[in-house]
Number of protein chains: 2
Amino acid sequence: MAYQLYYWPGIQGRGEFVRLALEAAGASYVDVARGDEQNGQGVAALLEFMQKPGLAQPPFAPPFLVDGKVVVAQTAAILLYLGPRLGLVSRKETRRLWTHQLQLTIADVVAEVHDSHHPVATSLYYADQKPEAARRAKDFCQNRLPKYLAWFENVLLRNPKGSTHLVGRRLSYADLSLFQLVDGLLYAFPKNMRRALKKAPHVATLHDAVAQQKRIAPYLQSERRIAFNEDGIFRHYPELDT
Amino acid sequence: MAYQLYYWPGIQGRGEFVRLALEAAGASYVDVARGDEQNGQGVAALLEFMQKPGLAQPPFAPPFLVDGKVVVAQTAAILLYLGPRLGLVSRKETRRLWTHQLQLTIADVVAEVHDSHHPVATSLYYADQKPEAARRAKDFCQNRLPKYLAWFENVLLRNPKGSTHLVGRRLSYADLSLFQLVDGLLYAFPKNMRRALKKAPHVATLHDAVAQQKRIAPYLQSERRIAFNEDGIFRHYPELDT
């Protein structure tokens with residue numbers, strides 16, 4: 001049976017990390033909230049699922065994945081679950097753990113990127129926190145971004161199986177997620193990111209290689225790939241990319 | 001061989017979630033950075049380990065755990081690794097995944113608590129971001145804290161095995177982590193947290209029960225439990241707890 005992915009329509013957001021794994025593996029899935037309400041899909045179906053009073057393991061927030069009786073929320077946990085099923089992680093426990101550790105670090109960066117435009121409150125608009133965002137984005141671009149990129153570059157350089165993948169010699173969900181992180185940062189902070197990538201050439205190469213992967217390349221051209229926009233996590237506000 | 005835990009001495013921080021699991025299980029461990037430099041321990045040993053050029057899987061940041069040849073960083077990944085080894089998680093995959101999902105949500109709250117006093121930059125002092133912290137902490141206490149607590153209360157209420165544990169009928173590392181989260185919030189935001197806990201009585205009961213657990217109770221009285229302070233994640237600034 002097809003996997004059911006539940007995530008807000010209209011943005012890539014955290015759901016995109018799951019989509020990329022499903023797409024790269026050629027898995028069959030339904031992107032429920034982007035479907036038609038008349039077919040029992042759409043945002044109504046997402047909200048209804050989350051609010052089921054009988055749900056023993058209620059998701060705190062989208063994205064969540066439904067696979068038969070299994071319901072998993074939290075992006076990294078979804079990928080932990082899907083990884084072995086989609087052939088996107090090693091069979092060895094230590095490598096699986098390392099892949100997951102990389103994913104958790106990517107999740108940390110994603111949260112920091114979100115807060116670069118929303119440092120005060122998710123419940124407020126960007127326009128209501130512009131001075132704070134300017135300070136936070138400056139620190140992110142000057143200190144955090146180079147530090148994270150240097151670490152991922154180092155991980156690639158130290159991979160005993162070669163520097164084209166983060167773990168082992170095959171594509172893992174962590175590679176896909178690093179692609180998405182880099183892609184989002186190139187959209188949000190083009191000036192700072194292009195500058196920073198010069199010091200992380202293997203990260204840049206991995207990004208470009210994933211974009212060319214046999215199933216990812218057509219996906220990125222398809223309508224299933226939502227364009228980056230200013231409702232998502234990666235937002236381009238030129239005043240924050242100085 | 002004893003586990004080696006590496007974390008900054010002087011604060012509970014994220015290392016405390018790992019310590020609580022090790023302590024509750026009565027596991028043998030060395031808290032390396034709190035040891036004596038003359039014995040090859042202390043912060044110097046932590047930094048030296050992280051900076052080893054030959055380390056194939058370098059931690060991005062403490063805490064990290066060393067178990068023989070295995071090196072694991074990221075608090076949630078450490079607990080994913082330790083859980084089965086310490087008997088602090090179910091043997092069933094779906095329950096393990098659910099426990100991990102709870103842990104990841106606790107990690108999200110912890111990051112928000114940190115940012116309530118550091119909304120602009122980790123690299124700056126609190127004194128350099130007080131107006132921003134005031135706005136962020138207000139939003140955290142008014143919106144985020146009640147939302148998270150309501151979710152954990154709901155998880156306890158819906159546990160088919162009873163509302164004294166988050167997962168199943170036995171203590172898991174997620175229970176220990178929820179204890180720590182509540183304990184930290186009671187320190188940081190006593191007014192807001194006491195008010196919020198009135199609407200989450202099962203969360204309050206779980207907190208009190210974990211504090212009485214046979215190995216946790218003596219641990220909390222021991223010198224191994226570092227006191228909360230204004231260098232850690234949970235900081236008490238009365239002006240933020242209005």
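Q: Which hand does the crossing of α3(B) and α4(B) have?

A: The crossing of α3(B) and α4(B) is right-handed. On the convention: a crossing is left-handed if the near helix is turned anticlockwise from the far one by less than a right angle, and right-handed if clockwise. Helices here are DSSP runs of H or I with at least four residues, strands are E runs of at least two, and both are numbered from the N terminus. Before going on, keep in mind that this is a predicted model, where local features need pLDDT of at least 70 and side-chain atom pairs count only at pLDDT 80 or more, while totals for chains, interfaces and linings use all residues. Residues are numbered from 1 along each chain as its sequence is written, and chains are lettered from A and ligands numbered from 1 in the order in which they are written.

Q: At what angle do α3 and α4 of chain B pack, and how far apart are their axes?

A: Two packed helices are described by the angle between their axes and the distance between the axes. In this case, α3 (residues 75–86) and α4 (residues 93–117) of chain B pack at about 155°, with axes 10 Å apart. The axes are lines fitted to C-alpha atoms, for helices over the stretch in contact, with angles running from 0 to 180 degrees between N-to-C directions. α3(B) and α4(B) are therefore roughly antiparallel (under 35 degrees is roughly parallel, over 145 roughly antiparallel, 65 to 115 roughly perpendicular, the rest oblique).

Q: Which residues of α3(B) and α4(B) meet?

A: Contact means C-beta atoms, placed from the backbone, within 7 Å. From α3(B) you get B:Thr75, B:Ala76, B:Leu79, B:Leu80 and B:Gly83, and they meet B:Arg96, B:Thr99, B:His100, B:Gln103, B:Leu104 and B:Ala107 of α4(B). By class, that contact has 5 nonpolar, 5 polar and 1 charged residues. Here Ala, Val, Leu, Ile, Met, Phe, Trp, Tyr, Cys and Pro count as nonpolar, Asp, Glu, Lys and Arg as charged, and the others, Gly among them, as polar.

Q: In what order do the 4 strands of the chain B sheet run?

A: Strands of a sheet pair through backbone hydrogen bonds, either parallel or antiparallel. In chain B the order is β2-β1-β3-β4, an open sheet with mixed pairing. At its edges are β2 (29–31) and β4 (70–73) of chain B, each pairing on one side only. Neighbouring strands are turned by 20° against each other on average, direction ignored. β1 (residues 3–6) of chain B pairs with β2(B) in the parallel sense over 3 bridges, and B:Leu5 has B:Asp31 as its bridge partner in β2(B). Two strands count as paired if DSSP finds at least two bridges between them.

Q: How is chain A divided into domains?

A: There's domain 1 (3–86) and domain 2 (93–215), with bounds from an automatic or database domain assignment. The C-alpha centres of these two domains of chain A lie 23 Å apart.

Q: How many residues of chain A are in contact with chain B?

A: 34 residues of chain A are in contact with 34 residues of chain B. α4(A) gives the most to the chain A side, with 9 residues. By class, that side has 19 nonpolar, 9 polar and 6 charged residues.

How values were computed:
Contact = placed C-beta atoms within 7 Å.
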